[in-house]
Amino acid sequence: FRNYTQNKRTEFKTVDANVMFEQDASNITFTATDADKGTLSGLVDGGKYTVNGNGFTATGETHEVTGITEGNLIIVKKANAANETDSDAKKITVDQATQPTVTSAACTTADNNDGKLKGVTTGMQYKLADATEWTNISGEAISADDSSITLPAGTYHVRVKASGTTLASTNQEVTIASYSAPALTGTVTIAGTAKFGQTLTA
């Protein structure tokens with residue numbers, strides 16, 4: 001028998017040191033949360049980004065962006081090293097909801113707690129004009145008779161809430177008037193002769 005020894009040749013591949021790695025922004029999404037702000041998702045923690053030319057470094061996978069208006073968001077993930085290049089621009093189109101046209105009805109009792117905002121939907125929010133927090137309008141709160149919700153007298157802001165890439169609308173200001181007692185009308189006739197100190201009744 002003859003013994004054969006097989007020699008294995010080790011092959012080495014040459015890597016071009018000039019290869020550049022492009023960053024990726026294709027997975028980034030935008031969710032509107034207010035009339036002028038929203039949240040970017042799909043970020044890389046510690047990654048550097050620009051939104052319409054304004055830069056930030058991500059601290060997690062999401063980031064709130066403010067000062068947003070209707071139009072396009074142009075998002076770029078920036079290169080972090082000498083052998084990296086910026087990503088292609090990710091374009092996200094942002095819309096803004098149309099301001100609602102809600103009407104009001106005044107309170108009908110001196111308690112001033114049965115006024116109405118009429119023509120509302122579950123896609124809207126309201127708050128007192130001097131409040132900071134918005135209240136979502138629920139289907140249970142809406143009257144089927146006139147699409148209204150019942151509220152105390154006061155001045156309110158109403159808007160269409162943010163959804164998807166659509167910003168919340170601008171505020172519509174609506175006032176629910178306080179109860180106004182009806183004025184007495186008619187003619188009162190007093191018969192008889194009035195004397196000093198006498199009480200007359202009608």
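**Close-up views of salt bridges and positive-phi residues**

Arg-159 is buried, its relative accessible area being 5%. The views below are taken from a predicted model.

**View A. The salt bridge between Arg-159 and Asp-34.** The closest N and O atoms of Arg-159 and Asp-34 are 2.7 Å apart. Arg-159 belongs to strand E15 (residues 154-160), whereas Asp-34 lies in the loop between strand E2 (29-32) and strand E3 (37-41), so this pair ties together parts that are 125 residues apart in sequence. Asp-34 counts as partly exposed, at 21% relative accessibility. The count of salt bridges comes to 3.

**View B. The salt bridge between Lys-78 and Asp-86.** A separation of 2.7 Å is found between the closest N and O atoms of this pair. Lys-78 is partly exposed, with a relative accessible area of 28%; Asp-86 is partly exposed as well, at 31%.

**View C. The salt bridge between Asp-146 and Lys-116.** The side chains meet at 3.4 Å, N to O. Asp-146 is in the loop between E13 and E14 and Lys-116 is in strand E11 (residues 115-118), so the contact ties together parts that are 30 residues apart in sequence. Relative accessibility is 23% for Asp-146, which is partly exposed, and 27% for Lys-116, also partly exposed.

**View D. Ser-147, a non-glycine residue with positive phi.** The phi of Ser-147 is about 50°. Ser-147 sits in the loop between strand E13 (135-136) and strand E14 (148-151), and is partly exposed at 32% relative accessible area.

**View E. Asn-52, a non-glycine residue with positive phi.** Asn-52 has a phi of about 50° and occupies the loop between strand E4 (48-51) and strand E5 (54-57). With 42% relative accessibility, Asn-52 is partly exposed.

Note on methods
Residues numbered from 1 in each chain as written. Predicted model: local features only at pLDDT ≥ 70, side-chain atom pairs only at ≥ 80, totals over all residues. Heavy atoms only, no water. Helix = DSSP H or I, 4+ residues; strand = E, 2+ residues; numbered from the N terminus. Buried < 20%, exposed > 50% of the residue type's maximum accessible area, 1.4 Å probe, protein only. Salt bridge = Lys/Arg side-chain N within 4 Å of Asp/Glu carboxyl O.
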